[in-house]
Amino acid sequence: MMENNFFEKVYQVARQIPHGKVTTYGAIGQYLRSPKSARMVGWALNKSIQKNVPAHRVVNKQGLLTGKYHFDGVTLMEQLLENEGVAVKTIKFKRWKFTFGTLTKN
DNA sequence: CACATGACTGGAT
DNA sequence: AATCCAGCCATGT
């Protein structure tokens, strides 16, 4: 039990992402006071696949689903997002034209 | 300890 | 816009 605080925090933050919204690895890193640790966030999410974490709501800053290859199928991540009302196609073409998560930094 | 890798990002070319 | 490079840091070999 009890992963390192860093991973645990990543999981908790990810679980705070509202249904139908997404955020970026960097945003989570900033939230954890580690803006340069975006890669570690992705690493943590990779290990969270079998946990209760909506990892599909985390995309890279370009709005690309860079983590889709870590899901059951390469289309699962996109399907999950589309199912929540997130226009993945729009994300790809209009970087910031999508609904970002409501993560706040306090 | 040295080196490589990775669900990233920002800046330079 | 596309590519490259450097910084970042946990893990594995």
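Predicted model: local features only at pLDDT ≥ 70, side-chain atom pairs only at ≥ 80, totals over all residues.
Biologist: In what order do the elements of chain A run from the N terminus on?

Modeller: The secondary structure of chain A comprises five helices and two strands. Read from the N terminus on, these elements follow the order α-β-α-α-β-α-α.

Biologist: Does Asn60 count as buried or exposed?

Modeller: Asn60 sits in the loop between strand 2 (58-59) and helix 4 (76-83). A residue is called buried when its relative accessible area is under 20%. Because the relative accessibility of Asn60 is 15%, this residue counts as buried.

Biologist: Which residues is Asn60 in contact with, leaving aside its neighbours within four places in sequence?

Modeller: Contact here requires heavy atoms within 4.5 Å. With the neighbours within four places in sequence left aside, the residues in contact with Asn60 are Thr24, Tyr25 and Thr66.

Biologist: Which element gives the largest share of the lining of the largest pocket?

Modeller: The largest pocket, with about 320 Å³ of space, is lined by 15 residues, and those nearest its centre are Tyr25, Gly42, Thr66, Gly67 and His70. Five residues of the lining, the largest share, come from helix 3 (residues 38-47).

Biologist: How many residues of that lining are nonpolar?

Modeller: In the lining of the largest pocket there are no charged residues.

Key:
Residues numbered from 1 in each chain as written. Chains lettered and ligands numbered in written order. Heavy atoms only, no water. Helix = DSSP H or I, 4+ residues; strand = E, 2+ residues; numbered from the N terminus. Buried < 20%, exposed > 50% of the residue type's maximum accessible area, 1.4 Å probe, protein only. 1 Å grid on protein atoms, 1.4 Å probe; cavity = no way out; pocket = protein on both sides within 12 Å on 5 of 7 lines; lining within 4 Å. Points joined across faces, edges and corners; volume = space filled by probe spheres on them. Nonpolar A, V, L, I, M, F, W, Y, C, P; charged D, E, K, R; others polar.
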